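Colleague: I would like to learn how to read the features of a model like this one. Could you take me through them step by step?

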Amino acid sequence: MNWKTVYLIVNANRKAYRTIPSAKLRRYYENKLTVYGEYILFCVIGILIGYLVGNFYSASNATLQTTILDGATYVFVSIPTIALLYGVIFTLINKAQQIGIKISAQPIYWFPISWQEHTLASIITSLIGAPLAITLLISSAILTASVFVGLIPLALLTVLALAVSLLLSSVTTEALKILQTRLLGAVTKVAGRGAIYLRLAIMISTMLAFYIIYFVIYSLVYNHGSPIFLFETIANGQKMLWFIPYVWPGMILSTFTNNLGIGTVSFFLATLVLIAGIFFIATYTNTRFGLYELPTIRLSGRTYTPKISLLEKMGFSSIEAALMKKDYKTIIRRPELGVLFVFPIMILVSGFIPFLSGAQSDQSMLLDTIMFFAMITLFPSMWVAGFLGSMLTGLEGSSVWYLFSSPISAKVIVKSKFFFTVFCSLVALLLCGVIGSVIFRPTLLYVAVVLFEAIFLIVTISTVSVAIGIKGADFRGNFPYNRAIKRKESWLHVLMCIATGLGVVAPIVPYVLGLLGSNGMALFPAILIPGYYAYFGLFMSGIIATITTYIFYKIALDNAEQMLAKPETI
Amino acid sequence: MQYTTKTISSQAPALQLKSVSKKFNDITAIDNLTLEIKKGEIIGLLGPNGAGKSTLIKTILGLVKPDSGSIKVLEFSVPQDTVLVKQHVGYVPEHSSAYEFLTGIEFLDFAGDIFQMEQEEKKKRINEFLKALNLEGREGDMISSYSGGMKKKILIISALMHKPELLLLDEPLNTLDPKSARIIKNLIQQLSQQNVTTIIATHILEIAEAVCSRIAIMYEGKLLALGTMDELRQQAKMPNSGLEDIFLKLTGTEDVQLLVEELTK
Ligand SMILES: Nc1ncnc2c1ncn2[C@@H]1O[C@H](COP(=O)(O)OP(=O)(O)OP(=O)(O)O)[C@@H](O)[C@H]1O
Ligand SMILES: [Mg+2]
């Protein structure tokens, strides 16, 4: 294996990620700060968190200190397993996006590069970005905190285990990648028209597989009550399940805290052997099956009859309807966009926690009903609104020239993107709302309150997202994949969604607190909120949502006009 | 008192550019270019790589904003009325593709809706074009599975099907098979009879010679020459030469043989 080649490929892939303003395209030189800035930022935040935690520890009394120390150990020990989970999900998403790219369009396949180098480069490349940033955040936080708490050796070992975990997750998804591609290809050949949906389903379930397995195992040992129950659960869970190779990085730490030096060394070596083993499998599958392109779906066989769509009957113009239909088709046909569905399903699944964890008090049941119902109903639809709204414009990719060269006004673009986002979010809301109501059986008033809030949130977040999505649209729909939205705007988008979302729900918060308090929840004093406050809160939420939507609609129009006015800058 | 006579629309030029300039940072893509094209003309736009042909076409459509100068397409001004302009223009880009995740027919249906065509008319036109360009039977496949020429054909159909008055074709024929290229060439000439104006940027000099009523040669953003073949021969003082020699002389690239010798040393 030529390490330099691997480095070169990884570096080229990293560079292909960049979004560069067109003004700087000529005589471009890379500013190191833009390359490492985000990672440095994450380190700084991590150090800050660690510092705060450490200070809190130093300022606490002796009993609190032992509690924190115990908690910290649980946290450290469970971190590798948590890292494995997000590592798998992020690298799967990264790799899923490569599946759709034609082999004939990737120089890596026609350059003299061995499959080993290719595989290793792919494993490393897919760790760049979010997984690396999160890992740096965690590492710097625990290292800083450990200085105060006095767990420096454990912290150092945790960072090592964390790195090993990440590598394990990426090597695993690499081995799965080509099998997944093959499976998708086989389905495409057999299933005809249904292939579109079947492919999407396969994509989503492979992304979810790890999560669901993990989730089910850990909810079985889930236990209420402790503030650090999650970490405790994981730490205990992995001890029970030590024979599963994927908890070995966690076992490195677990044995270390129990002073089992031999255990630590053997689990560490075992993990390395495991990684090497999977790497060889991945290289083998890549060599054997790698030169394979996903067959395209054939929809032939029907005679073409243009028809007036439902959308047009609803009052949309033929241009708006055409744009929305096109967006719908694109979204369900791009396998990598399965991500859109993954998070809503993850949230739905986590709603089952109270049921998997067995017996519990009425009070915690009530908390579950109130919180989990709201979570299941609100989060998936908000995710869809935020994700679609911000990505739809950038997802046009290089074909966006068609929008520019056709008689399409800014208003039409904003309108079609907005309504498409809202429709999809409403579908998510409907599905999750029904499931949530069936599971938790909340009162009718509570269902109505959550439903209305959800609609306000969907409309607001859709407009905010569309506005920012147009502004930050990234149309480079080629290798490594379509980012759809530029870095700066994607951060802005997250912040604005949180801010406007909180703004919209703020008026209803007293009602929810009152609900919890009047039912004697220990955490909340009995706040006396009159029953009719719910209506008032909803009314205020509606007003805030309307105003925010109006403002961002104007911003979206403005952004769309600017985008159409200077296509050359894209 | 002044009397302004309003020109009758059929005599109004299809396209008017007045001292249009466009710079990309320090590269001048279009240099103070003035040009007037009558309705029904077919203009062949020639020039070496990087001469500014694609930029000029994009500027006419409002895809590139000029730094200075004024542009009039039909009776509309660019960039003020770009949506109106685009309604009357058929554009084939140089190397962009259509939406890869739509099938050919879905994209054409989409394009028809964008140009607000009647349903029946849309169906009729699409089917005629698919048949003429030999795409029948493949229209239900994803565009991402098409060959280079098939992709181009889909773009050409989407540019022609809504009966535009001005065609802006950026190297439309370079991946087409001979029969399809012939069909498009003849079609452009037929449309010219119906007052449809066409600008074709191309490197295939044979097309320019055979199809175009006038030929424009661009070089480093400037219009070096504009005229019929005879006018070009006069300008180059090469009365008996073909377009290739004239082109090479005007763009200063006659020393080809010398360069080749240098490269094969
Ligand atoms: N978006 C852009 N940013 C920077 N420079 C550009 C941009 N678009 C075009 N240019 C530059 O403008 C000049 C003219 O480019 P243009 O694409 O118009 O050439 P062309 O005549 O179409 O060439 P070809 O025959 O190769 O198609 C070139 O030097 C090109 O590098
Ligand atoms: Mg060009």
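**Fold and contacts**

Modeller: Let's start with contacts, meaning heavy atoms within 4.5 Å. In chain A, 82% of the contacts with a separation of 6 or more are between residues 24 or more positions apart. This is a predicted model, in which local features need pLDDT of at least 70 and side-chain atom pairs count only at pLDDT 80 or more, while totals for chains, interfaces and linings use all residues. Residues are numbered from 1 along each chain as its sequence is written, chains are lettered from A and ligands numbered from 1 in the order in which they are written, and side-chain values use heavy atoms, with hydrogens and water left out.

Colleague: What does the secondary structure of chain A come to?

Modeller: Helices (H or I, at least four residues) and strands (E, at least two) are DSSP runs, numbered from the N terminus. Chain A has 22 helices and two strands.

Colleague: How much of chain A is made up of buried residues?

Modeller: Buried means under 20% relative accessible area, exposed over 50%, and partly exposed in between (1.4 Å probe, protein chains only). Of the 570 residues in chain A, 52% are buried. Take A:I278, in helix α11 (residues 261–289) of chain A: its relative accessibility is 11%, so A:I278 counts as buried.

Colleague: Which residues is A:I278 in contact with, leaving aside its neighbours within four places in sequence?

Modeller: They are A:L168, A:V171, A:T172, A:A175 and A:Y246. A:A175 is 103 residues from A:I278 along the chain, and their C-alpha atoms are separated by 7.0 Å.

**Aromatic pairs**

Colleague: How many aromatic pairs does the structure hold?

Modeller: Rings of Phe, Tyr and Trp (its six-membered ring) pair if their centres lie within 6.5 Å; planes under 30 degrees apart are stacked, over 60 edge-to-face, and the rest tilted. Over all chains there are 21 such pairs. One of them is the tilted pair of A:F42 and A:W491, at 6.0 Å centre to centre with 50° between the planes. Because A:F42 lies in helix α2 (residues 32–59) and A:W491 in helix α20 (residues 487–505) of chain A, the pair ties together parts that are 449 residues apart in sequence.

Colleague: How is the size of an interface often given?

Modeller: Often as the accessible area lost when the parts come together. Here that buried area (1.4 Å probe, summed over both parts) is about 3900 Å² between chain A and chain B, 59% of it on carbon and sulfur atoms. A:Y304, A:W401 and A:Y402 supply 20% of the area that chain A buries against chain B, more than any other three residues. A:W401 and A:Y402 also belong to one aromatic cluster with B:Y91, B:Y99, B:F107 and B:F110.

Colleague: How many salt bridges are there between chain A and chain B?

Modeller: A salt bridge needs a side-chain nitrogen of Lys or Arg within 4 Å of a carboxyl oxygen of Asp or Glu. The count is three, including A:K329 with B:E106 at 3.8 Å, N to O.

Definitions and conventions: Buried area = accessible area lost by both parts, 1.4 Å probe.
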